[in-house]
Amino acid sequence: MRAVQFDRFGPPDVLRINDVPTPRPGPGEVLVEVRAASVDAGETAFRAGAMRRVTRTRFPRGLGSDFAGRVAAVGSGVRARHVGEAVWGLMPHLVFGAVADYVAVPERRLARAPENLSLLEAAALPVAGTTATTALTDKARLQPGEKLLVRGATGGVGSAAVQLGKALGAHVTALAGARNLDWITRLGADEALDYRTTRPEDLGRFDVIVDVVGTDVGAYQARLARKGRLVALSFDADRVVSSMLGTALRAAAVPRRVKMFSNNPSADRIAELTRAAEAGTIRPVIDTVFPMRDVAEAHRRLEAGGVRGKYVIDLQLP
């Protein structure tokens, strides 16, 4: 089968399509024939080597966290999934490899795919949707009527947070590029501001801030209301490790005000996302669909910025 991999850190050109053995599902695992997988911003840091100090490195490394497809086989002990079923899910935590013809994953990393979405559409949502849900409901405990600021609102997680925040009854302010202001308003933001011309001190106070950018965290923390909460979901791409440590220290010093987490959703959370998608609470946002052979171009464009939602790799495209 085909799988996108890289055997050294570097620019997008290190990505290769390799021929590898098709995995077999072990006990409690499900083999999924992947229809599509999304490209996640965090993967670019892993590929470039920015995370080498804090993660183990074993080459070759796969690519891709979330996916949608159909069950091809099940291992012993699997009860909830059956061959031919449409599913979506995530690779095990901090393990990549979804951009491949087949993946073998624990049953708990899967849920029934939403019936109102195609598998191509569904591939854009598992990571973004579960991250936004955990940030707003578990970490921030966003309440109706509260003021929410989403920084980095046009990416996968940001666009999901805008939709969910609106569904939860918050007043949503989105920071985005100038060309995206009308678009993010149509997605659900009550107010959209150009991040290039809006300084933190120009803003009012917010009950909850979801930060998907990672720079100037202190300046945005200062925009919190008295009982406000900031959820940091990203780190400064130019200094990932020091940015991560800095945010961790803030979270340790004022845990009620600054929160961070590494998304590792439970089976219940993935199933909850299925229900939310079917209810229309969160819908996938796809910028561009690429064939597997253009995965390096997808990474280049993601690093250049300006994405609306997610880039998706369609494994059925020639």
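In what order do the three strands of the open sheet with antiparallel pairing stand? In this predicted model, the order is β2-β1-β4. Strands β2 (16–19) and β4 (61–62) stand at the edges, and each has a single partner strand, so one side of each is left without a neighbour in the sheet. Strand β1, residues 2–6, runs antiparallel to β4 and is joined to β4 by two bridges.

Another open sheet is built from six strands, and here the pairing is parallel. Read across, the order is β11-β10-β9-β12-β13-β14. The edges are taken by β11 (191–194) and β14 (258–260); each of these has a single partner strand, so one side of each lacks a neighbour in the sheet. On average, neighbouring strands of this sheet are turned by 20° against each other, with direction ignored.

Within this sheet, β9 (residues 147–151) and β10 (residues 171–176) pair in the parallel sense over five bridges. K147 has H171 in β10 as its bridge partner. Helix α4, residues 156–167, packs on the sheet and touches both β9 and β10. The direction of α4 makes about 170° with that of β9.

Helix α1 (residues 41–48) and helix α9 (residues 295–304) have their axes 10 Å apart and meet at an angle of about 105°. Angles of 65 to 115 degrees count as roughly perpendicular, which is why α1 is described as roughly perpendicular to α9. On the α1 side, the residues in this contact are A41, E43, T44 and R47; on the α9 side they are H299, L302 and E303. Sorted by class, the contact of α1 with α9 has two nonpolar, two polar and three charged residues.

Which residues of α9 are buried? They are V295, A296, A298, H299 and L302. These residues cover an arc of only 155° around the axis, which puts them on the same side of α9. Two of the buried residues, H299 and L302, also belong to the contact with α1.

The buried residues of α9 pack against several elements: β1, β3 (29–39), α1, β15 (286–291) and β16 (310–314). Among them is β1, which lies between β2 and β4 in the order of the three-stranded sheet. After α9 comes G305, whose phi is positive, near 90°.

Methods:
Residues numbered from 1 in each chain as written. Predicted model: local features only at pLDDT ≥ 70, side-chain atom pairs only at ≥ 80, totals over all residues. Heavy atoms only, no water. Pairing = 2+ DSSP bridges. Helix = DSSP H or I, 4+ residues; strand = E, 2+ residues; numbered from the N terminus. Axes fitted to C-alpha atoms, helices over the stretch in contact; angles between N-to-C directions. Contact = heavy atoms within 4.5 Å. Parallel < 35°, antiparallel > 145°, perpendicular 65-115°, else oblique. Nonpolar A, V, L, I, M, F, W, Y, C, P; charged D, E, K, R; others polar. Buried < 20%, exposed > 50% of the residue type's maximum accessible area, 1.4 Å probe, protein only. Arc of directions from axis to C-beta.
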